[in-house]
Amino acid sequence: MRLHHIGINVKNLERSKEFYQSHFGFKEEMVFKWGSENILFLKKGDCRLELIEESVEGGSTCAFLHIALEADELEKEVESVKEKGLVPVEGPLLLENGWKVAFFFGPDGEIIELIEE
């Protein structure tokens with residue numbers, strides 16, 4: 001088995017779509033409605049995000065801890081994201097196991113971790 005996608009409940013589908021496209025280079029793969037949910041799949045390489053917006057009163061809240069995106073060159077990726085106006089909330093850091101990490105907040109408070117092994 002392998003990971004197919006990570007689902008994120010979002011408050012505003014368009015805002016989240018723009019955020020992941022402009023800051024992290026995801027592309028729209030498909031969009032559809034399922035019951036009261038508006039669903040958008042974004043893809044970058046083998047990584048898929050499913051953004052889910054409830055179309056009922058009250059909307060959605062973020063329902064997971066974080067998403068980790070692997071980077072070949074962390075410092076280069078962090079600079080690219082910073083050039084687009086998003087600064088890390090922590091990092092880049094070098095962990096004891098040799099991994100390099102940096103953390104960002106998404107538009108609904110989700111944590112986006114960039115990691116270089």
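The exercises below treat selected residues of a predicted model.

Residues are numbered from 1 along each chain as its sequence is written. In this predicted model, local features need pLDDT of at least 70 and side-chain atom pairs count only at pLDDT 80 or more, while totals for chains, interfaces and linings use all residues, and side-chain values use heavy atoms, without hydrogens and water.

**Exercise 1.** Determine whether Arg48 is buried or exposed, and which side chain makes a polar contact with the side chain of Arg48.

*Solution.* 
1. Compare its accessibility with the cut-off: buried means under 20% relative accessible area, exposed over 50%, partly exposed in between, with a 1.4 Å probe and protein chains only. Arg48 has 18% relative accessibility and therefore counts as buried.
2. Identify the partner: the side chain of Glu29 makes this polar contact, at 2.7 Å (a pair of N or O atoms within 3.5 Å; within protein, one must be able to donate a hydrogen and the other to accept it, and residues adjacent in sequence count only if both atoms are side-chain atoms).

**Exercise 2.** Describe the surroundings of Leu51.

*Solution.* 
1. Leu51 also has its place in strand S4.
2. Because its relative accessible area is 0%, Leu51 is buried.
3. Leaving aside residues up to four places away in sequence, Leu51 touches residues including Ile8, Val10, Tyr20 and Leu40 (contact means heavy atoms within 4.5 Å).
4. Between Leu51 and Glu37, 14 residues apart in sequence, the C-alpha to C-alpha distance is 9.7 Å.

How values were computed. Helix = DSSP H or I, 4+ residues; strand = E, 2+ residues; numbered from the N terminus.
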